[in-house]
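Q: I'm new to this one and would like to go through it slowly. Could you show me what we have?

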Amino acid sequence: MDHKAQLARLGAIEDHSGRTVPVRTSKCLGICFEADVVVVQPSREGRAAGGGPVWLGRVTEDELLEAIDDWIFDGGPGLAPLPAVLADHVTSKDAKKPKKGKKPKHSKAAKKERRKAGKGPEGASRPEKGADKGRTGSETPDKAKKKAEKAKKKAKKAKKARKEAERAGRG
């Protein structure tokens, strides 16, 4: 999504009298879940004819910007009918965020079955995430590498200390 190009496209729209339509931007209109939001204000004539601002949400395609351009050129709110392609995008400043569907509850038996199904052919558990690379869940490869090097050095020191202790015991 090229937001700068969209904004430039909106800023280049002219109405039927050849006047460039003013475009204002805002950080937040309060309905982020409908982004990108465009509010089309009526012209003076449109307002006099009963037109009001029209809020459009999810304006993310060039086709929609083209429809907005054509609508404004034809007169916009109050003077020209809303293009059909924009009908599903009409929203409002009071739009409510849609609720997420609830996840179905699972019984303990169902969880047990899923766990059982996740085991290999011989009943062995699946390895933990990242276990095949010698690291655990959220460790980065660099962190895991440093950890492995540190462990190697520690083992080498311990081996050296054992050898020195053996020599000291013989001597």
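A: What follows is a short talk about this predicted model, moving from the overall layout to one helix and then to a single residue.

Q: How many helices and strands does the protein have?
A: The protein has five helices and three strands, and read along the sequence they follow the pattern α-β-α-β-α-β-α-α.

Q: And how much of it counts as buried?
A: Of the 171 residues, 22% count as buried, while the accessible surface comes to about 14000 Å², with 53% of that surface belonging to carbon and sulfur atoms.

Q: OK, on to helix H3, which residues are buried there?
A: In H3, which covers residues 62-73, the buried residues are Leu64, Leu65, Ala67, Ile68, Asp69, Trp71 and Ile72.

Q: What span does H3 reach?
A: Its twelve residues reach 16 Å from the first C-alpha to the last, which is close to the 16 Å expected at 1.5 Å a residue. Just after H3, Gly75 takes a positive phi of about 130 degrees.

Q: Switching topic, where does Arg19 lie?
A: Arg19 lies in the loop between helix H1 (3-11) and strand S1 (38-40).

Q: Why does Arg19 count as partly exposed?
A: Arg19 counts as partly exposed because its relative accessibility is 45%, and that value falls between the 20% and 50% cut-offs.

Q: What is it in contact with, leaving aside neighbours within four places in sequence?
A: With those neighbours left aside, Arg19 is in contact with Ile13 and Glu14. The C-alpha atoms of Arg19 and Phe73 are separated by 9.6 Å, although these residues are 54 residues apart along the chain.

Notes:
Residues are numbered from 1 along each chain as its sequence is written. This is a predicted model: local features need pLDDT of at least 70, side-chain atom pairs count only at pLDDT 80 or more; totals for chains, interfaces and linings use all residues. Side-chain values use heavy atoms; hydrogens and water are left out. Helices (H or I, at least four residues) and strands (E, at least two) are DSSP runs, numbered from the N terminus. Buried means under 20% relative accessible area, exposed over 50%, partly exposed in between (1.4 Å probe, protein chains only). Contact means heavy atoms within 4.5 Å. The expected span of a helix is 1.5 Å times one less than its number of residues. Accessible areas come from the Shrake-Rupley method with a 1.4 Å probe; for residues, only the protein chains shown count as cover.
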